[in-house]
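Please consult the sequence and structure shown here alongside the text.

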Amino acid sequence: MDDSFLDRLKKEGIGKSTSHLFVYRYPDSDQMSPFDREEFAKDLEKSGKKVGELAFYLHIPFCSSICSYCHYFKQGIGKKGEIEAFLKGIQREISTYSQLIGKELEASSVLFGGGTPTSLEANSLNELMLFLRGSFRIPKKVEASIESSPETISFEKLVLLRQNFNRMSIGIQDFNDRVLKECNRNHDKEKALHSIKEARRAGFESINIDLIYGLPKQGIEGWKNSLNEVEAIQPESVTASDLRVREGTAFFARNKEEFASDKELIEMHSMFLNKMEGLGYKQLFPYQFVKKGQRMLFLENQWASGEYLGFGPSSCSFFNKWDYNNVFPTDKYLKDVEESGLACAVGKKLSMEDQMIRFVALGLKDCKKGVDKNIFKKKFALSLEEKFGKTIALLESLSLVKQSEKSLKLSRKGILFYDSVSRKFFPKN
Ligand code: SF4
C-alpha cells in the first residue's frame, strides 16, 4: 500500500495503530453513564414477553499469569474460598435473570470467556454450565465455547470439559518463546502445540487458536513463522488480532518502538489474510477465519446486533435495547449481586440513532454478509443511504467499502482498517 494512499486515509482519520480502540459496541464503554436498574427492570416489564434467541457470556476473571498486553478485567488465580464465592455469586446473578426473563428465549450460543475460564477446575466449570442449562432454555447441541490457555489444560481436564463444551478456544498468541516471554505468557511453544493435540485427542472437533501480531520481538519474519505453524496445525478457526497498547497494561510503559509500526501492522494483517485464503479458509470477520462448514455463532450474533446477556464482573450485555456493563473488580461485583441479584454498573437504553450507528458499525464486521440494507430499512424505517449516504460515498471513494442493492460490506482494503472505517459512522468523525 503506497504512502500517498495512506496519507489520504490519514486525512480522513483512517489508519491502523496499536493505540486504536477496538470497536465492539456503540457508544464506547467510556461514553456510558451510570446504569438505572429500576428503569431497566420497568422497561423489561413493559416490553412484555420476549421471544427469539439470545447468546450467553460468562466472564471468569481468573488467570494463571497476567499478560503484558491484556486490558480485560482479570485477576490472579484466587484461593479456594474466593473461587467458591465467585461461583456462588455468578449463579445468583444467573438466577436473577432467569426470574426476569423466564425460559421464553432460546440460547443461540454460550461462551465462557475471561480471564482464563480453564484456570478453574473442570468440575466447577461443568457445574456452572449445568446451572446455566437449568436456568434458561439451552438446546442440547448449542455452540458452547470455552476460552483457555495452554498451561491450564491437561488431557484429563479436557475430557471432562468435553462433556459440556463443544468448542475450545486456545490463547496461543505466538509460537516464538522469546515473544511469549515478552508477553509474560505462562507457556512456551512446545506446551502450546501439546495443548492443541490434547484438545483434539479429548474429542474437541472445533478448536480455535488466538494469535496477536505486532508484539515486541516478533517482527515480520516471526509472524510469518507463526502463520506457518497455523498451516501445520490446521485448526477449525483462527483469530489474529492486532496488538493494542492500552493504559493499565505492562506494555503501556514500554517504548513505542518495541511494537510494530502502523505500516508493519498493515503488512502483518495482509499476510494473515493471504495465508488463510491460500489455505482455503473462509473469512468471517476482519480477524477471523474458519474452515469450511465451521461457524462462530457467538460473534455472528454480536455483530448482527443480536441480544446477549453477560454474567460475571465487567461482562457486557446487549438486551432489550440496553447496552451495559457489569461492575468490577470481583469483590464489588459480589457485593452488588448479594444485595440485588444484579451487577449492572454503566450503560444505557439505546436511542433509535444509537441503534442505527451500532447496526452499521458492528454489521460491517461481518465480511460475508455485511450490513443488510433490507433489515436496516425494516428496523429503522429509513434506508441506509438516506441515513449514512455521505459517509458511504466517502468510504466508497477511498475503496474501503463496496455495496450492492442488498448490502454494504468492507472491501479487502477496508478489512485492514476495520476499526477506524466503522468509526466513520460514529458522530464527530
Ligand atoms: S490469559 Fe488472557 S485474560 Fe488472562 S491476562 Fe492473559 S490475555 Fe488477559
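For the classes used below, Ala, Val, Leu, Ile, Met, Phe, Trp, Tyr, Cys and Pro count as nonpolar, Asp, Glu, Lys and Arg as charged, and the others, Gly among them, as polar. The model is predicted: local features need pLDDT of at least 70, side-chain atom pairs count only at pLDDT 80 or more, and totals for chains, interfaces and linings use all residues. Residue numbers start from 1 along each chain, following its sequence as written.

**Ligand shell**

- The residues around the ligand are Cys63, Ile66, Cys67, Cys70, Tyr72, Lys74, Gly114, Gly115, Thr116, Ser149 and Gly171; a residue is near a molecule if its C-beta atom, placed from the backbone, lies within 6 Å of it.
- By class, this shell consists of five nonpolar, five polar and one charged residue.

**Helix 3 and helix 4**

- Helices (H or I, at least four residues) and strands (E, at least two) are DSSP runs, numbered from the N terminus.
- Helix 3 (residues 80–101) packs with helix 4 (residues 122–135) at an angle of about 15°, and their axes are 10 Å apart. Helix 3 is therefore roughly parallel to helix 4.
- Here axes are lines fitted to C-alpha atoms, for helices over the stretch in contact, and angles run from 0 to 180 degrees between N-to-C directions. Angles under 35 degrees count as roughly parallel, over 145 as roughly antiparallel, 65 to 115 as roughly perpendicular and the rest as oblique.
- The crossing of helix 3 and helix 4 is right-handed; a crossing is left-handed if the near helix is turned anticlockwise from the far one by less than a right angle, and right-handed if clockwise.
- Helix 3 contributes Leu87, Gln91, Ile94, Ser95 and Ser98 to the contact, and helix 4 contributes Ser124, Leu128, Phe131, Leu132 and Ser135. Two residues are in contact if their C-beta atoms, placed from the backbone, lie within 7 Å.
- The residues of this contact comprise five nonpolar, five polar and no charged.

**Cis peptide bonds**

- Tyr26 and Pro27 are joined by a cis peptide bond with omega of about -5°, and Pro27 belongs to the loop between helix 1 (3–11) and helix 2 (37–47).
- Another cis peptide bond runs from Phe328 to Pro329, with omega near 5°. Pro329 sits in the loop between strand 13 (322–326) and helix 11 (330–340).

**Positive phi values**

- Although Ser314 is not a glycine, its phi is positive, at about 75°. Ser314 lies in the loop between strand 11 (308–311) and strand 12 (316–319).
- Ser314 is buried because 22 other C-beta atoms lie within 10 Å. A residue is buried if 20 or more other C-beta atoms lie within 10 Å of its own, exposed if 12 or fewer, and partly exposed in between, with C-beta atoms placed from the backbone.
- Lys321, in the loop between strand 12 and strand 13, has a positive phi near 70°. Lys321 counts as partly exposed because it has 17 C-beta neighbours inside 10 Å.

- Phe165 is placed in the loop between helix 5 (155–161) and strand 6 (167–173), and is buried, with 26 other C-beta atoms within 10 Å.
- Not counting residues up to four places away in sequence, Phe165 touches Ala144, Ser145 and Ile146.
- Ser226, in helix 8 (residues 219–233), is buried, with 27 other C-beta atoms within 10 Å.
- Apart from neighbours within four places in sequence, Ser226 is in contact with Asp174, Phe175 and Leu211.
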